[in-house]
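Me: Can we go through this structure together, starting with the ligand site and then moving on to the strands?
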Amino acid sequence: MKVAVILALTLAVVSAKTPAIKLNTGYEMPQIGIGTWQVKGAQATQEVKDALEVGYRHVDTAEIYANEKEVGAGIHAQINAGILKREDLFITTKVWPDGSNRQKALQTIHNSLKSLNVTYLDLVLVHFPHDNYAETYKGLEDAFNQKLVRSIGISNFDRAQIDHVLKTAKVKPAVNQINIHPKNNHDDTVNYSKQLGIAVTGYSPLGTGGLVKDPTLVAIGKKHNKSAAQVALRWQIERHLITIPKNVPLIRLNTGKEMPALGLGTWQTEGPEVTNAVREALEAGYRHIDTAWFYHNEGAVGKGIQQAIDKGVVTRDDIFITTKVWPRNMNRQTAFGIIKNSLKELNTSYVDLVLMHWPLRRARATADVYRGLEDAYNKQMVRSLGVSNFKPAEIETLMQTAKVKPSNNQIRIHPGFNQDNTVDYCKKHNISITGYSPLGTGTILDEPALVKIGKKYGKSPAQVAIRWQIQRGLIVIPKSTHKKRIVENFNVFDFQLTDKDMLEINSIKQNRIPDFWG
Ligand code: A2P
């Protein structure tokens, strides 16, 4: 019931009937929707049921949220209860374009229809301007022409990316869904989209929750007897935008599990310092924490997670936890024992990802330790497996004996240390990449290109370095033990580096670190 009350308060920023925006296809889209990112299983069904009960008529989901089936169950429960009819509801979903093509996009939409158990979708978006997104968009057009979808659109597209899609588009996008909140007007993209007749949906309307205590919003709220959150939402409504909650990109692993593209690194920090950092990160919106046996901090990291759970900030299932097995002097049995110990230290019944921390010199020894990781995977102690500091040849050798394919390779990456070779190899083999020490352990923050590009967007060099990795399609785990920096490093979803910026960062002189990492 508590959720229903919160939902009703949010909806109370508009009048009894939610206002709608008329899309360029002629269909109307309710201006407030319920977002379902990071809400899974029974919780997703319940949230959708509650939202529909209090009056929401717009539900936003995505292929990559892996909750379409549960969202569909919530919708149908309320249709069956006579609360609404299918045609009263606006359903949005999104297609992730990674390695995608036209046929794959169309197939994804067929899957979404099946999962949501509906005969048509109101809106389907290309989730991110990744890979060959114009080709993915053509798959959406096919679905539109086959009347599987009433309107199609894009998400996280800037001016140049909109232009790129329009060059080959036959059906104009109806919506662009982007990150907007009162500290990030996104005027340029909003105005450009509107000028082209493309409606705009703003996600993260509360700035990852960071704006709920904003003094300006609180003061305005007091005047109208409303909360700061309600003011932030009303502001979007009055700008004629559509609004839904926050969204951090997720990377889908080859196990089907999803990994938040940004996490907190905890190397070289122990005890209460790391406990506080982990709790503060979770409070700031992080949902991915990286640790390792070798860091001697799993117990302290576990405490930070527990503190956030006890405060009601997160549940265990909301978080992605990675740890690593140090392989030296280990074998299959001892590696398995180390993972068991990590679970105990972290106070959890499973971890999301376990990595073999380094390759051993002898391939047979590496294979044997990896078998210990596979044993833990088969016993459901671990949801995905991976490696760390592996070069392509070492992965190649491991693959000859591995029964569970690695899902992730965590390597050192920062501007000035691009690791193109390993990144390309892993991408080709559907192994995700996590870049550790993205700030070069703090050594690259005076890099002129990062400083210059950061100035353009009002961002720090650290934020530019982190964003660069995210736009490369990588996962990134900056480490900090200072609240201000923890928050700063997470605040990278409200700007977009251009192709030219990316190229400039790619071209920073390479090899600023010792050779054994290369
Ligand atoms: P601290 O933990 O004191 O905040 P990396 O992630 O590349 O390993 O870099 C971590 C180093 O960079 C740490 O020394 C950390 O210090 C520092 N650091 C982390 N975030 C920032 C930031 N936003 N600005 C400046 N330094 C940072």
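Me: Which helix gives the most to the shell around the ligand?
Reply: Helix H18, residues 483-490, gives the most, with three residues; helices (H or I, at least four residues) and strands (E, at least two) are DSSP runs numbered from the N terminus. Please keep in mind that this is a predicted model, in which local features need pLDDT of at least 70 and side-chain atom pairs count only at pLDDT 80 or more, while totals for chains, interfaces and linings use all residues. Residues are numbered from 1 along each chain as its sequence is written, and side-chain values use heavy atoms, with hydrogens and water left out.

Me: How many residues surround the ligand, and which are the closest?
Reply: The ligand is surrounded by 16 residues, the closest being Leu439, Thr441, Ser480, Arg485 and Asn489, where a residue counts as near if one of its heavy atoms lies within 4 Å. By class, the shell holds five nonpolar, eight polar and three charged residues.

Me: What is 2.9 Å from a nitrogen atom of the ligand?
Reply: An N or O atom in the side chain of Asn489 is at that distance from the ligand nitrogen, which falls under the polar contact cut-off, a pair of N or O atoms within 3.5 Å. On the backbone side, a polar atom of Thr441 is 2.9 Å from a ligand oxygen, and a backbone N or O atom of Pro438 lies 3.3 Å from an oxygen atom of the ligand.

Me: Switching topic, is strand E15 mostly covered or open?
Reply: Strand E15, residues 320-325, is mostly covered, with six of its six residues buried, that is, under 20% relative accessible area, as against over 50% for exposed and in between for partly exposed (1.4 Å probe, protein chains only). On one side Phe320, Thr322 and Lys324 are buried, and on the other Ile321, Thr323 and Val325 are too.

Me: Which strands are joined to E15 by bridges?
Reply: Strand E14, residues 288-290, runs parallel to E15 and is joined to it by three bridges, while strand E16, residues 351-356, is also parallel to E15, with four bridges; two strands pair if DSSP finds at least two bridges between them. Asp290 stands opposite Thr322, and Val325 has Met356 as its bridge partner in E16.

Key: A polar contact is a pair of N or O atoms within 3.5 Å; within protein, one must be able to donate a hydrogen and the other to accept it, and residues adjacent in sequence count only if both atoms are side-chain atoms. Ala, Val, Leu, Ile, Met, Phe, Trp, Tyr, Cys and Pro count as nonpolar, Asp, Glu, Lys and Arg as charged, and the others, Gly among them, as polar.
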